[in-house]
Each structure stands twice: as structure tokens, then as C-alpha cells.
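Dear colleague,

Please find the structure below, passed to you for your further work. A summary of the findings follows it.

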Amino acid sequence: MPPIIDPKKCNGCEGREESFCEEACPGDLMYVGADGKSHCHASRDCWDCMSCVKMCPRNAIETRVPYQLGYHKATLKPLMGKNSITWKCTDINGQTVTYKYRNRLDIKD
Amino acid sequence: MPRMAQNPPSLDAVETVRVDCDILIIGGGNAGCFSAVEAAKIDPSLKVVIMEKAQIMRSGACSAGMDAINTYIPEGKTPEDLVRWCRSQVGGGPIREDLALSNAKELNESVDDLERWGLPILRDENGKIRYRGAWDISIHGEQLKPIMAEKAIEAGAEVYNRVACTQLLMDNGRCAGALGFGVRDGKFYVFRAKATINATGGAAGLYKSYTADATDSHHQIWMCPYCVGTGYAVGIRQGAEMTSMEQRWVATRTKDFCGPVDTISVGYKAPIINAKGERIMQKRYAHLGADKAPRYIRANAPMEEWLAGRGPTYCDTRGMKPELAEQMMTDYLNERPSFVLFLASRGQDPVKEPIEIYGSDPYIVGGHTQSGFWVDLDRMTTVPGLFAAGETAGGNPNKFVGGCAAEGKLALRGAADYIKNLVLPEPDAAQVAAEKARVFEPLLRGEDFDGLKALEMEERLQRLMDEYAGGTSQFYRTNEERLDYALKHLTMLREQTKYLKAADLHDLMSVHEVIDRIDVAEVLCHHLKFRKETRWQGWQTRSDYPEVDPAYDCHVESRRNLETGEIETFTRPYEQLVPGDRYKP
């Protein structure tokens, strides 16, 4: 049931014309509702690309694998750095692995 | 960009926006972004506009990122060598060697561009690019799409985000731009251009994904589900010649998630095994190259095992060294991050347990296989003024990221040459008005209209194609009678599109996407029907003609007859330009 938005953390990117998750979604699935929070038009249409999760400045979005395909409850959380990304993955048995790598080269003009 | 606009009360209330430019690019993906950058390079005075259905920074097939560039020519090898490999990967062709060669000559430079723009390409301790196969190199491409998009914007392209293309703007048989609507602002857009580059991506979602049944995830597919084939559909509707639509891309993917498998089987040399632990490729496909067998053979092999009762099938990752396993997981995080989550949700460590694999649903893509527009060397389609690049351009398989980028540049050069001394024609008012009415009609039918949702028709289409036109459930097999059935029902579906209704602008986009999918599916079925042989098992399997027939060693072509509306099929000969054994790399 991807993606899940935590309404306690989400503020709909208040002040922006468009929230970061709306901007990031290649499928136009995210929108900010009358409650000022982000929602997903059709979670069944999500591609699980995690672009919205990576863009959320408040870590309010989580991608979940639908239960029919994967068990409860593993998590995968990205943390965006300037030129790197860190992923923290916890499996259903509570085992956690962290991955960190560079995703941008420093460019000198 | 405003939040989603309210539904218009009437057609008259819909604002029309008119945009004029020299070159219009439909689709701001890989090929489209490279076209925009090339335009600024060759003539900064060109006004270039990108029409993008989502938001260019994270749109389309590259939105999640990439873990590899699958074609980069190493030292000591030539573009001709790449064409030979490319040809062997599609069982000796037939392919368009002229197109393949011109892309091959251009593609290293495009990949070098990406590195200059900030894409990390993995190198060894001596600074040499690290290859993970004969032609593919590893990248940390999580930022691939933003990097390309930033450069297109820096190049001065004017980007119209959230505008979905619905039709080409025509002027006396020539393409003079495109029409569409804003999926957020609800406006109608008329883009007038001297030349148009169609770079929308391929077509996913024509077939049912096997995970669509009784799950909350209908888009657990490999190709971007938001690339629905609109680029093909708008050309088909104007009578453009299409090539090789029957050569579908079917790939071995991880089961239940549809993640890439070549990453593991080729990149990490984990052999494909069946339920009995037999190494399938060595045991049954040694004569075709075993693990190096052509892509369609490798794609079809695990499904043949299931069909013969020897499934499940796996990529045997057991015993992989931990640092290698970590590298493999990093690759996935760069391209399909949720696969790492999927493994975690199964509590699975691939070093201890092999990764299960299965066949994907079929896709129509000109960047992987060779379905798409028939184009000339300048990448112009048979519709004057309409160019195609990347997944929409046919005849030239195995382009992948580098080749699609290269083709974006080539199409732009072709378009820039074409527009010399051209003036913009005045848009035909009747055509524009008719399209505006067609586009918004599903939104204006009123709450009481007893109609259909896009989702209902999409699911009907996908099930029809799956069962009758060679989907996963049928192990990709089809025959004459099934294709006739599919075509009969596709005609019925098209007639029923008059009942489609949309609740809001997002829904309106879905309505037009399903209409586009039906147009592409119809052409696909005609191509499958024409090729009365089995040339590429899995990609194109005719159970009534199970062998290769030398009579079909040619390109299968089609075009819609604009007077009768019928799809007409014909052939073009294969021309071998690069010497050597067609069947060997």
C-alpha cells in the first residue's frame, strides 16, 4: 500500500505552491488535500519508485510493500545528503543494514 | 503551478493557451533532455519547448534512478562491434543497422556528458571505468534524472510541466506541433512548432501484470507505468508508419516485484537455476550461448521451466561474498530501491537464499527492443516534421540510456536542419476546436451519466491482451484465432470509449491514457498476426507457427489508412551493413 503519509509529520510543504512529493511523483499521484496534508490519489497506481520519499523534507512518507507480496513490517528510509544518499533498511526480523554512497560528483566549472 | 483546478462547468470555460516555438519536444525524459541540450549547443537562438506530463526533475522511466549504463564502447572495440553484438541479441535481427551504427558512434560522448554533469561512473583503482559485462558499466545513478533535467533547463528550454499530449497538430499532412491539456491547471494547450520531437517513452500497461490480481499494487511492473504509449498513439492516429511492434520486450524479472535480473545474473554472475537446482542456461541453451544466449532466450528460459513443471526458478545468489552482496544491494538502491525493501519484507538474505525469478508482462519499447516509428537517419518519421527519439523510435534495439541520449541529439540535429526556411503555419481552428472538445468531453458528462471509469476499461484491456495476445498467464503464446478475438474486442473497446467519464483532471489523464493504450494494442495485434512464425520466443511466440520461417526475415510494418481507419500491414527488407555472422556478437 505505497506510499503511507504520516499526518503528524506532514504539513503539505506549507508555503510552497506545490509540495515536494507532488513535484516528485512521475504519476501525478500525490496531492495536498483540504486538510493541508499530502495524500495519494490511487495507491494501487504507485510504482514504488520512492521519489516522493526521497524528496520529503520532513521524512513523513514511507513506502510499504503490499502485504499480499511482503510481510509486516519492513522499512526502508533514505536520507538525502548534498552529494550522497544514506539508506537504512530494517527487515521483518528487526535486522538493520545501512548503505551510504555518493550519488553526485563535485563539478568544478 | 497551482493545486488541481476545479472541473470546468462547460467547454467554453476552458482557457486555451497558445505557445509558439521552433522545436517542440514531447516528453522531458532521457532523449528529450539531450535534445534540448543539443539545441543550445548548435544554435542558442532556437526556441525549444518541452511538453512534460509530470514534472521534469523526476518524471518517467528514469525517475527512480539507474544502476548501469548498458552500452558504453570500451577501448579496443568499435561502434561496428557494438552493432554486431546488438544484432546477435535479437537473434540475428533483422535490425536497422544504419540507425544502430549512428547511435553507436554518438553514445560514448553522451555518457561522457553525463559524467561531466555530475553522474558518478564507477572506476577501478587505476581510474579505468569498471565494466560488469561486455558493454555495461556501473553507475551510482540515483540522481540520473535530476542531472539530465537540470541541464535541459540550463540550456534554456522552456518547460511546460504537467501538460499531457493528446494529439499532434497537423498542417496539410505535416506535423506542426501538438495539442494537450494541463493535468493540474485544466487548460487546453496548443503548441505550434516548426518541428516536433516525439520522445514520450514506450508503452507499459497494455498487458496485465500477474501481481495485479488481488493485491493493492497494480503497477508492480518494471517499465514506468506512466509511459503508456501516448507517443506511439498520436503518430498512429496520423498514419505514421510503425515498425516491429510485434517484437515485445519481455524480461526475466524478480518474482512478485519485477526488479531487474540481468544485474544479478550477468553483473554478479549468479546462475539461473530451476526447482531441481539445474543450471538452466547450460543444460538447455548451451548451443545458443548458455549464459550469454540472446536476451529473448534468457527472458523466456525461466518461463519454459515453469511451463514444463520445473519451477520455481531462481538466480542463485547463495555463497556470494558479503561485499559483493552489498554492492548488488547498492545497485538496486540506485535503480529499484523498493526491491531492497521487498527482500526485507520477506526476511530474505540473498547470500543464504536464492532470488526467485519470473517473466515480466510484455512492454512495447524502442530503446530495449525495436518497436516504434519507422524513421530515417535524421530520425524523422514518415509524418513530415515529426521526429522520434529514444523508446518511441523503432528499428534499433539495445539503445538503453546512452543510446537514447545519443538519439535525442541526432533527432535534434535532424529537426534543426528540417526547419531551415520554414515558417510557422497558422493552426487550423477547426482541428484545434475538435480536439479541445474531445479532450474535455469525459469531464463534462455530468454526475448522472451512466458511463465507465478509465480503470474499468484499463483492466478489461489488460486482461484481454494477457489472455489473447500472449501475456504472462499464457507464457507469451498466442495464435491466429486468439489475435482475431483480441482485435474484435479492441474494436468494441474503442467504440465504448464514448462512455468514459472522468471525475477530475487526474482522472481525465487516465481516460486519455487508456484510449492511447487501445490504439497501440490494436497495432500490436496486427503485427503479431502478420508474423506467421516464431522468431523471438517469449518476445514473439506463435503457438500455431512455432518455427522461424525465412520468408519473414524482414521488418514488419504498419500504418493506419486515414481514409478507411484500417491498419494496413506490409514489409520492408532487412539490409546488412555491418559485415560478419549475423548470429554472433
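Predicted model: local features only at pLDDT ≥ 70, side-chain atom pairs only at ≥ 80, totals over all residues.

Interface of chain B and chain A

Together, chain B and chain A bury about 5000 Å², and carbon and sulfur atoms account for 55% of that area. Of the area that chain B buries against chain A, 14% is supplied by B:Arg3, B:Tyr226 and B:Leu341, more than by any other three residues. The contact involves 53 residues from chain A and 63 residues from chain B.

As to polar interactions, 31 residue pairs are in polar contact across this interface, both residues being at pLDDT 80 or more. The interface also holds 10 salt bridges. In a salt bridge between B:Arg162 and A:Asp28, the side chains meet at 3.5 Å, N to O.

Several helices of chain B give two or more residues to the side that touches chain A, among them H3 (97-116), H4 (144-154) and H15 (505-530). The largest share of that side, six residues, comes from H10(B). By residue class, the side of chain B that touches chain A comprises 29 nonpolar, 19 polar and 15 charged residues.

Strand E4 of chain B

Strand E4(B) spans residues 137-141, and five of its five residues are buried. Both faces are covered: B:Ile137, B:Ile139 and B:Gly141 lie on one side, with B:Ser138 and B:His140 on the other. E4(B) runs antiparallel to strand E3 (residues 66-69) of chain B, to which three bridges join it. Within this pairing, B:Ser138 is the bridge partner of B:Ala68.

Yours sincerely

Conventions: Residues numbered from 1 in each chain as written. Chains lettered and ligands numbered in written order. Heavy atoms only, no water. Buried < 20%, exposed > 50% of the residue type's maximum accessible area, 1.4 Å probe, protein only. Helix = DSSP H or I, 4+ residues; strand = E, 2+ residues; numbered from the N terminus. Pairing = 2+ DSSP bridges. Contact = heavy atoms within 4.5 Å. Buried area = accessible area lost by both parts, 1.4 Å probe. Salt bridge = Lys/Arg side-chain N within 4 Å of Asp/Glu carboxyl O. Polar contact = N/O pair within 3.5 Å; in protein donor to acceptor, adjacent residues only side chain to side chain. Nonpolar A, V, L, I, M, F, W, Y, C, P; charged D, E, K, R; others polar.
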